[in-house]
Amino acid sequence: MPRVVTGRFRGAVLQAPEGDKTRPTTDKVKEALFSIIQAYVPDSEFLDLFAGSGQIGIEALSRGAKRVVLVERSGQAASVIAKNLSKIRMDDSDEIRLHKKSVAQALELMGQGGERFDIIFMDPPYKDVPLRLEEATKIISDFGMLKEDGMLIVEHDKDCEIPEELNGLKRVRSCSYGITVITFFKDKNIGG
């Protein structure tokens, strides 16, 4: 079971969706991710795409993110997220909200509404990463959804080919943890 590592919800044990349709980020990868981005999380606006159990977004909120948006289309996973938000008493909070839509639909809706984020994390099914990354980065770039110096972070497997540049974003860093890789993108016009 995933658990919140640190911050105001530290130690909360979260539920994970049953079955093999979602693959929760391991504690090792989650701790490594937040170790890298810890200076950027406080007061950030954080978007968690393909949220699964919601654990990454909840961890960001626990560590001081100002606003977190979770996007999860699966009814079963969205139900688990609702239970996890209830467990940490954030089920009726303006600080964190859930879009029960596809990632493309949610991004379009938020982009049209002028929403922008400091950190966008996406963890699609590994087999779908190239397609989902292409689709998401196009919408993110079209609407300018990354704030200045914002970052897009993609979790994928080590065999996935991730381009150097994609829809106005450039790859600035990749970190490997066994079969899992976390790749960071920034706006190519802003610098790394």
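**The core and what surrounds it**

Guide: Let's start inside: the largest nonpolar core has 32 residues, and Leu33, Ile37, Phe46 and Ile153 touch the most other members. A nonpolar core here is a set of buried Ala, Val, Leu, Ile, Met, Phe, Trp, Tyr and Cys residues joined through side-chain atoms within 4.5 Å. Buried means under 20% relative accessible area, exposed over 50%, and partly exposed in between, using a 1.4 Å probe and protein chains only.

Visitor: Which elements give two or more residues to this core?

Guide: Those are H1, H2, E2, H3, E4, E5, strand E7 (169–177) and strand E8 (180–187). H1 gives the most, with five residues. The H and E names are DSSP runs numbered from the N terminus: helices (H or I) have at least four residues, strands (E) at least two.

Visitor: And what does Ile37 touch?

Guide: Leaving out residues up to four places away in sequence, Ile37 touches Phe46, Ile119, Met151, Ile153 and Phe184. Contact means heavy atoms within 4.5 Å. Apart from this core lies another one, of 27 residues, among them Leu49, Ala104, Leu133 and Leu146.

Visitor: Where does this model come from, and how are residues numbered?

Guide: The model is predicted, so local features need pLDDT of at least 70 and side-chain atom pairs count only at pLDDT 80 or more, while totals for chains, interfaces and linings use all residues. Residues are numbered from 1 along each chain as its sequence is written, and side-chain values use heavy atoms, with hydrogens and water left out.

Visitor: Okay, new topic. How many aromatic pairs are there?

Guide: There is one aromatic pair. The ring centres of Phe34 and Phe46 are 6.5 Å apart and the planes are at 15°, so the pair is stacked. For the rule, rings of Phe, Tyr and Trp (its six-membered ring) pair if their centres lie within 6.5 Å; planes under 30 degrees apart count as stacked, over 60 as edge-to-face and the rest as tilted.

Visitor: Which parts does the pair tie together?

Guide: Phe34 sits in helix H1 and Phe46 in strand E1, so the pair links parts that are 12 residues apart in sequence. Phe34 is buried, at 0% relative accessibility, and Phe46 is buried at 0% too.

Visitor: What about helix H2: how many of its residues are buried?

Guide: Eight of the eight residues of H2 (residues 55–62) are buried, so the helix is largely enclosed by the rest of the structure. Its cover includes helix H1 (27–37), strand E1 (45–49), strand E2 (67–71), helix H3 (75–87), strand E3 (96–99) and strand E4 (117–122). After H2 comes Gly64, with a positive phi near 105°.

Visitor: And the strands, what order do they take in the sheet?

Guide: The open sheet has eight strands in the order E3-E2-E1-E4-E5-E8-E7-E6, with mixed pairing. Strands pair if DSSP finds at least two bridges between them. E3 and strand E6 (165–166) stand at the edges with a single partner strand each, so one side of each has no neighbour in the sheet. E4 and strand E5 (residues 146–157) pair in the parallel sense over five bridges.

Visitor: Last one: how many disulfides?

Guide: The count is zero, where a disulfide is a pair of cysteine sulfur atoms within 2.5 Å. Cys160 is in no disulfide, and the nearest cysteine sulfur, that of Cys175, is 16 Å away. Cys160 counts as buried at 13% relative accessibility, and Cys175 is buried with a relative accessible area of 11%.
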